[in-house]
Amino acid sequence: MSAKEYRTASSARGGLLTVADVPDIAFGDRVHIRDQQGNTRNGQVIRSSNEEVLIQVFEGTAEIDLESTWVRFLDEPVEIALSPEILGRVFSGLGEPRDYRPPIVSNLRRSISAAAFNPAARTYPKEFIQTGISTIDGLNSLVRGQKLPIFSASGLPHNRLAAQIVRQAKLPDDDSRFSVVFAAMGVSYADARFFQEEFASSGVLGNVVMFVNMADDPPVERLTLPRMALTAAEYLAFDLDRHVLVVMTDMTHYAEALREVATAKGDVPARKGYPGYLYSDLAEIYERSGRIKDRHGSITLVPVLSMPSDDITHPIPDLTGYITEGQIVLSRELHNQGIYPPVHISPSLSRLMKDGIGKDFTREDHPHVSNQLYALYARALETRNLASIIGADELSARDRRYLEFADAFEQRFVQQGEDEDRSIEETLNLAWDLLSTFPPQALTRVNETEIAKYHRQST
């Protein structure tokens, strides 16, 4: 390693340090900054020219005395040490231990700035991942290699839902080859402790790699954390042949950190002050998931983001929706009714669901049952709106049955306990219990064979 050291720092602002007269410095290089007190801070080159270099300082630039600051360019990218020992560990956004245990010692180190997969090497996502949550497994199924975000909002229980997915997610046919990478950005100490205690108490922590960035940590550290997490996921998936589920919360905190750094750099702002490259930056992260031909492992990504002001057209959810393959949307109305998880069925969608369900993956009736539940619930919501206008007493007996179905669907199918892990069989059987409140002739999306086998005929 050839290192270059300079004492020509010229300005420091917003976590960014400018160093003058440093030619031949590569973009993405690691940097050590030694301040006037002898403390070492970590950084990365984010802009380079022969006149000056702009460094992103992960620990921030507070109280730096420019004249007494030494900047050492390490001529190597930001890397993470990798070995099977990362399972069960908790790291910071810089890959440093947060669990008071020794650092990972390994000869294998990889740059966190790996590119997205070559499209020609990709293979189509398929095969079912069971989360134990009926609204996801039954109606918006997650398949291996998919990117399926959760759109939430301030005050909604997305952290609890993320923790439940990590605790319960499994492969119905092969639990032994399944691991989880959990990345939390900008969380409070209470939330960080909640996640760690939840995973430890449920016994899954040994199969989870955690990366945690606290709310009072420097925002620029949030920009490396997703890349650290995905580099670990790629190692587990394609070196150790494991199926890996990556859960990231909250991508809104990541985007806000990106906006803060972009503003400090002087980048031209676009929608709502976010940089114009927000789309490509998010795509760089999201597209590191998927499956590769002739490889056993896979990476499935569930990013969680809170929509500012409950606005689904905000740039962060809007751009995320373009890149990913569906969305799970949480509802404030259902949350206010005490329903958990408050999944809003109507706007929720899994575009790859059809490739992970059915006879060879879940059960032969799953596609038709899902379509029938959607159709009945959509009709029930229309009836509920009509009842709010003319009154429930004015509805026909058939319409009142739809109202009863909507209430039962939300209270029995959508609602479930945080520790309630439903198998796909239990979810589909519960769906048939609800469908059986209608006569067979009213069920137009399921076939006669399925009705004969699963419909609970009234006696």
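Predicted model: local features only at pLDDT ≥ 70, side-chain atom pairs only at ≥ 80, totals over all residues.
Two strands pair if DSSP finds at least two bridges between them.

**A covered strand**

Strand 16 spans residues 208–214. Seven of its seven residues are buried. In a regular strand, side chains alternate between the two faces of the sheet. Here both faces are covered. Val 208, Met 210, Val 212 and Met 214 are buried on one side. Val 209, Phe 211 and Asn 213 are buried on the other.

Strand 16 has parallel partners. Seven bridges join strand 15 (residues 178–187) to strand 16. One of these pairings sets Phe 182 against Met 210. Strand 9 (residues 90–91) is joined to strand 16 by two bridges, and Phe 91 has Phe 211 as its bridge partner. Strand 15, helix 3 (residues 189–201) and strand 16 also make a right-handed β-α-β unit.

**Aromatic contacts**

The whole structure holds twelve aromatic pairs. Two of them are set out here.

| Pair | Centre to centre | Angle between planes | Type |
|---|---|---|---|
| Tyr 377 and Phe 409 | 4.6 Å | 40 degrees | tilted |
| Phe 405 and Phe 438 | 5.5 Å | 65 degrees | edge-to-face |

Tyr 377 lies in helix 9 and Phe 409 in helix 10, so their pair ties together parts 32 residues apart in sequence. Tyr 377 is buried at 5% relative accessible area, and Phe 409 is buried at 1%.

Why is the pair of Phe 405 and Phe 438 edge-to-face? Its planes stand at 65 degrees, and planes over 60 degrees apart count as edge-to-face. Phe 405 and Phe 438 are both buried.

Tyr 377, Tyr 402, Phe 405, Phe 409, Phe 413 and Phe 438 form one aromatic cluster.

Notes
Residues numbered from 1 in each chain as written. Heavy atoms only, no water. Buried < 20%, exposed > 50% of the residue type's maximum accessible area, 1.4 Å probe, protein only. Helix = DSSP H or I, 4+ residues; strand = E, 2+ residues; numbered from the N terminus. Right-handed = clockwise from strand over helix to strand, strands pointing away. Phe/Tyr/Trp six-rings, centres within 6.5 Å; stacked < 30°, edge-to-face > 60°.
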